[in-house]
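Subject: Structure handover

Hello,

Here is the structure for you to look through. My notes on it follow below.

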Amino acid sequence: MIFYFSGTGNTRWAAQELARITGERLLSVADELQAGTCEYTLAANERIGFCFPVHGWQPPHIVRQFVRQLRLTPSLPTLHQHFTYVLCTCGDSTGLAVSMMAAELEAKGLSLHCCQSLIMPESYVCLPFMYTDPPERERAKKLQAADDLQRFAEVVVSRRVDYCELTLGLTPWFFSHVIGAYFNRFMITDRKFTVDSDVCTHCGRCSKVCPVGDIVFENGTPRWKGDNSCTCCLSCYHHCPVHAINYGRITRRRGQYYFK
């Protein structure tokens with residue numbers, strides 16, 4: 001069984017590829033939370049995978065919420081005997097996001113047996129030093145990620161324990177526990193999203209691609225609910241075909257990206 005969360009599609013692609021190679025069930029964390037179905041019965045020796053993008057050098061809030069609500073009925077004597085792995089995607093480094101996720105899993109009785117990070121095209125563009133990758137860099141990242149994912153799939157299929165290939169980056173503790181802590185506490189919000197009403201075509205695509213259903217329409221114009229469900233994945237921003245959606249002023253001159 002593979003649980004995944006994805007905004008702009010990098011992690012969804014990786015999770016779908018893992019599911020195809022391993023033959024495992026694929027479940028969306030966002031969909032499962034909205035449906036209120038966080039209880040599952042494991043098959044004999046079933047592997048358990050968690051796939052997510054790194055948000056501010058930490059696991060996304062929604063993934064942590066899901067794990068904390070997760071209820072698994074083991075087929076083995078104890079949960080920690082089920083082979084468990086993590087695959088995360090990031091623009092350049094993970095910090096200690098996987099270690100944080102491992103602690104969440106340990107609290108549920110799951111032991112993390114192996115992990116992998118995939119460097120994927122950048123999608124977070126809401127800070128002064130963050131931009132989408134140029135086309136050649138985007139292609140190179142995708143090609144390398146495909147190779148890394150294939151190797152990791154072989155690790156998962158063979159149930160190789162203690163395999164860990166992560167791009168932690170420089171000073172990972174500082175980035176995860178200081179910068180990341182600030183980012184995830186104060187910058188994960190939908191309050192700064194705006195719509196240029198004279199540019200918006202009212203196509204509804206932003207609402208359709210929002211993984212948490214945070215966007216509704218009023219008089220044909222998208223509005224964010226402000227109910228703390230937003231993960232700031234920027235899927236709405238990146239999928240807008242006319243660049244009518246922005247996050248404050250900083251994204252007005254930034255590029256767009258989603259996996260395709």
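**The sheet**

Six strands form an open sheet in the order S2-S1-S4-S6-S7-S8, with parallel pairing. Strands and helices here are DSSP runs, numbered from the N terminus: E with at least two residues for strands, H or I with at least four for helices. Two strands pair if DSSP finds at least two bridges between them. Strand S2 (26–28) and strand S8 (163–165) are at the edges with a single partner strand each, so one side of each has no neighbour in the sheet. From one strand to the next, the twist averages 20 degrees.

This is a predicted model, in which local features need pLDDT of at least 70 and side-chain atom pairs count only at pLDDT 80 or more, while totals for chains, interfaces and linings use all residues. Residues are numbered from 1 along each chain as its sequence is written, and side-chain values use heavy atoms, with hydrogens and water left out.

How many of the six residues of strand S4 are buried? Six of the six, at residues 48–53, so S4 is largely enclosed by the rest of the structure. Buried means under 20% relative accessible area, exposed means over 50%, and partly exposed lies in between (1.4 Å probe, protein chains only). In a regular strand the side chains alternate between the two faces of the sheet. In S4, Ile-48, Phe-50 and Phe-52 point one way, Gly-49, Cys-51 and Pro-53 point the other way, and all are buried.

S4 pairs in the parallel sense with strand S1 (residues 2–4) over three bridges, and Ile-2 stands opposite Gly-49. S4 also runs parallel to strand S6 (residues 84–90), joined by six bridges; there the bridge partner of Pro-53 is Thr-89. S6 in turn pairs with strand S7 (residues 114–119) in the parallel sense, over six bridges. Cys-88 has Ser-117 in S7 as its bridge partner.

**Helices**

Helix H4 packs on the sheet and touches S4, S6 and S7, with its direction at about 145 degrees to that of S6. Helix H5 (residues 135–157) lies across S6, S7 and S8 and runs at about 170 degrees to S7. Axes are lines fitted to C-alpha atoms, for helices over the stretch in contact, and angles run from 0 to 180 degrees between N-to-C directions. Contact means heavy atoms within 4.5 Å.

The axes of helix H3 (residues 61–69) and helix H4 (residues 97–107) come within 9 Å and cross at roughly 20 degrees. That makes H3 roughly parallel to H4 (angles under 35 degrees count as roughly parallel, over 145 as roughly antiparallel, 65 to 115 as roughly perpendicular and the rest as oblique). Where they meet, H3 has Val-63, Arg-64, Val-67 and Arg-68, and H4 has Met-100, Met-101, Glu-104 and Leu-105. By class, this contact has five nonpolar, no polar and three charged residues (Ala, Val, Leu, Ile, Met, Phe, Trp, Tyr, Cys and Pro count as nonpolar, Asp, Glu, Lys and Arg as charged, and the others, Gly among them, as polar).

Strand S10 (residues 215–218) and strand S11 (residues 221–224) pair in the antiparallel sense over four bridges, with Glu-218 opposite Thr-221. Two residues lie between these strands, and Asn-219 in this hairpin takes a positive phi near 55 degrees.

Ile-250 is in the segment after strand S12 (245–247). Ile-250 is partly exposed, with a relative accessible area of 27%. Leaving aside neighbours within four places in sequence, Ile-250 is in contact with Val-125, Cys-126, Leu-127 and Pro-128.

Regards
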